Amino acid sequence: MIRPDAPVLLEITGLHARVEEQQILNGVNLIVRSGEIHAVMGRNGSGKSTLSKVLAGHPAYTITEGSITYLGSDLLELAPEQRSRLGLFLGFQYPVEIPGVSNLEFLRVSTNARRAQRGEEELDTFAFEDLVRERLKVVQMDPAFLNRSVNEGFSGGEKKRNEILQMALLEPLVAILDETDSGLDIDALRIVADGVNQLAGPDNATLLITHYQRLLDLITPDYVHVMAAGRILRTGGKELALELERTGYEWVDQELANLGREPAEVL
Amino acid sequence: MPAVVMPNTADWLSQLAGVPMPARGQEDWRFTELAALQGLAPELWSGVDPFAQINLPAGISRIGADEAQGLQQQGLNSTGGGNVWSVRLNQGASPRCLALRVAGEAGPLQLHFDAGAAPGLLALQLVLVLEEGASLELLIQHGSSGPNATSFVVVAQLARGAKCNLGLLAPGDARASLLSHLSISQAPASSLQVTTAVGGWALSRLEPCIIQLEGAAQTRLRALQLVDGKELADTHSQVSFEGPDGQLDQLHKVVADGAGRSVFNGAVRVPRRAQQTNAAQLSRTLLLSERARVDTKPELEIVADDVKCAHGATISRLQQNELFYLQSRGIGAEQASRLLLRGYCEEVLRELPAAAAALNPLELLLRERL
Ligand SMILES: Nc1ncnc2c1ncn2[C@@H]1O[C@H](COP(=O)(O)OP(=O)(O)OP(=O)(O)O)[C@@H](O)[C@H]1O
Ligand SMILES: [Mg+2]
């Protein structure tokens with residue numbers, strides 16, 4: 001839902017970032033207001049996951065230029081855990097398996113960290129069980145997954161559902177979902193999309209990183225961005241995604257060449 | 001390097017064992033400095049007999065002293081444990097002995113030996129006979145809060161079809177030592193699990209020696225050993241297959257912090273008569289400090305040609321991607337590290353006999369690091 005007067009939650013300006021010696025982001029600009037759903041598309045390797053990890057505060061990435069403002073303050077000043085407590089959520093493209101750490105315990109500690117930040121009381125194990133059982137319904141997940149180690153031995157689709165479960169518990173203000181639709185069967189895709197739609201509201205915003213129109217058939221984006229060579233090359237409405245379905249990404253090379261870069265550099 | 005053990009203590013220990021203390025030159029003790037024993041007063045521990053009041057569940061009965069003596073000799077002969085220094089020291093230190101026979105399905109048994117604050121050397125022996133088809137779940141807890149040493153020798157025999165789940169939970173004290181030897185013989189179709197969790201001792205040495213008398217038995221070993229400060233923890237395990245179709249599944253985990261030292265030597269013997277043996281040994285180390293030292297050595301003697309023997313060893317730090325995943329969910333870096341450490345330890349601790357859960361082994365072993 002686009003409302004020009006809605007408060008800005010996230011503002012990225014001229015963001016450049018590198019990992020080790022490799023420059024990956026080359027000037028990303030993006031404004032996200034509350035109530036909006038943004039889709040970010042683009043070729044493999046164009047920098048989508050890098051952008052999401054920079055937003056979440058992954059220590060391997062160095063910001064070389066630019067700024068990110070979140071809820072009016074400098075996001076880059078905040079540790080990853082503080083970002084999460086303040087409502088920034090990243091659904092990982094590849095959720096990490098953590099043997100020996102109980103999923104239930106992990107979810108509880110995580111939820112309580114966010115609650116404490118919001119001035120809400122901590123949930124004990126019993127109160128949390130009630131909450132988690134209710135939120136499990138959002139992703140139609142079997143409670144048996146709570147008693148396993150975090151993501152350990154979960155199938156690809158189960159890991160993604162576990163990510164959305166975390167999102168349902170943390171009630172983020174800005175949720176970045178990095179290819180949460182990849183690897184899902186048709187039913188699971190619908191369940192995950194329903195979950196995201198249930199959680200999206202006028203006071204929060206969602207950034208969907210995806211390769212596929214089939215997700216955007218289920219979650220209607222207000223904006224579609226195309227990333228290439230570490231920047232947002234084009235922004236449009238939901239029809240841009242449909243156009244990409246027809247044309248593919250070939251025009252990207254031309255456009256980058258117009259910007260004075262060799263296509264070879266892009267790949 | 002000059003001997004750091006106080007002459008009188010060293011002499012006294014040598015006298016008890018009837019042989020000199022092991023020197024670093026000896027292969028079995030190469031990495032294991034016995035200096036921690038130097039603080040030990042040369043006297044026998046004189047606290048309350050820890051075997052004085054033990055309630056035995058149904059299915060378990062006591063064995064007379066003479067018979068126990070014979071069984072112990074026989075057990076030690078079969079594994080070669082009789083020549084080991086720790087065993088000889090134990091035998092020379094007026095050990096208190098508990099000998100038990102298990103028939104049928106016995107209730108779970110729990111033994112707690114706490115050397116407490118009293119000084120000196122406490123020597124304990126446990127002899128276990130599991131009759132054909134018998135099953136036993138036994139949790140042994142060691143502890144100390146003073147300048148003492150506990151010497152503990154377990155000799156167990158599992159008859160055909162017997163099942164034994166033995167747990168050893170030993171949170172120690174930085175002034176105390178633990179020397180523990182286990183000689184266990186298994187008849188065919190028996191199954192044995194030994195889970196050990198040791199940490200916090202100035203010196204700990206564990207020697208699980210298992211022999212599958214005719215092969216065709218199952219052995220599962222799970223171990224967690226933690227070192228911090230200047231602690232030294234050593235496990236020398238040995239599993240021998242004397243017939244075909246035996247199985248071994250061994251996992252040895254280490255957490256090395258501070259300037260701690262950890263030693264693991266895992267011997268597996270598969271002679272020609274032990275065809276179709278299936279043995280897997282994995283040793284994993286979590287290194288939390290630059291100053292900690294870790295020596296890990298699998299020692300596979302495999303002569304039989306038709307066997308499956310796998311072994312592996314890893315040494316790693318806390319995984320950055322795991323830490324980041326937890327942090328990205330609002331969990332602070334320190335708490336995230338603690339969660340990962342706990343998870344690492346839990347993999348072994350959750351395999352202790354059920355009675356351990358009530359003792360909260362994680363808290364006992366990790367203490368303020370939790
Ligand atoms: N640690 C790293 N070291 C070197 N290069 C890296 C590292 N991480 C990412 N890159 C490179 O950065 C580029 C962007 O990667 P990123 O994961 O952001 O792409 P993406 O747009 O998410 O791609 P996909 O659609 O395949 O998920 C790639 O070329 C990748 O190889
Ligand atoms: Mg990606």
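Guide: Start with the contacts in chain A, counted as heavy atoms within 4.5 Å. Among those between residues at least 6 apart in sequence, 71% join residues at least 24 apart. This is a predicted model: local features need pLDDT of at least 70, side-chain atom pairs count only at pLDDT 80 or more, and totals for chains, interfaces and linings use all residues. Side-chain values use heavy atoms, without hydrogens and water, residues are numbered from 1 along each chain as its sequence is written, and chains are lettered from A and ligands numbered from 1 in the order in which they are written.

Chain A has ten helices and twelve strands. These are DSSP runs, numbered from the N terminus: helices are H or I with at least four residues, strands E with at least two. The radius of gyration of chain A is 18 Å, close to the 18 Å of the globule rule for 267 residues, so chain A is as compact as a globular protein of that length. That radius is taken over C-alpha atoms, and the rule is 2.2 Å times the number of residues to the power 0.38. Along its principal axes, the C-alpha trace spans about 60 × 40 × 40 Å.

Now burial. Of the 267 residues in chain A, 55% are buried. Buried means under 20% relative accessible area, exposed over 50%, and partly exposed in between (1.4 Å probe, protein chains only). Chain A exposes about 11700 Å², and carbon and sulfur atoms supply 47% of that area. The areas come from the Shrake-Rupley method with a 1.4 Å probe; for residues, only the protein chains shown count as cover.

Next, the metal. Ser49(A), through OG, and Gln93(A), through OE1, coordinate the magnesium ion (ligand 2) at 2.0 to 2.2 Å. The pair links distant parts of the chain, 44 residues apart. Ser49(A) sits in helix H1 (residues 48-56). Gln93(A) lies in the loop between strand S6 (88-91) and strand S7 (98-102). Both Ser49(A) and Gln93(A) are buried. Donors here are N, O and S atoms within 2.8 Å of the metal (3.2 Å for Na, K and Ca); water is not among the atoms, so sites may look incomplete.

Last, charge. Chain A has 26 positive and 40 negative charges, and their mean positions are 1 Å apart. Lys and Arg count as positive, Asp and Glu as negative; His and the chain ends are not counted. Each charge is placed at NZ of Lys, CZ of Arg, CG of Asp or CD of Glu.
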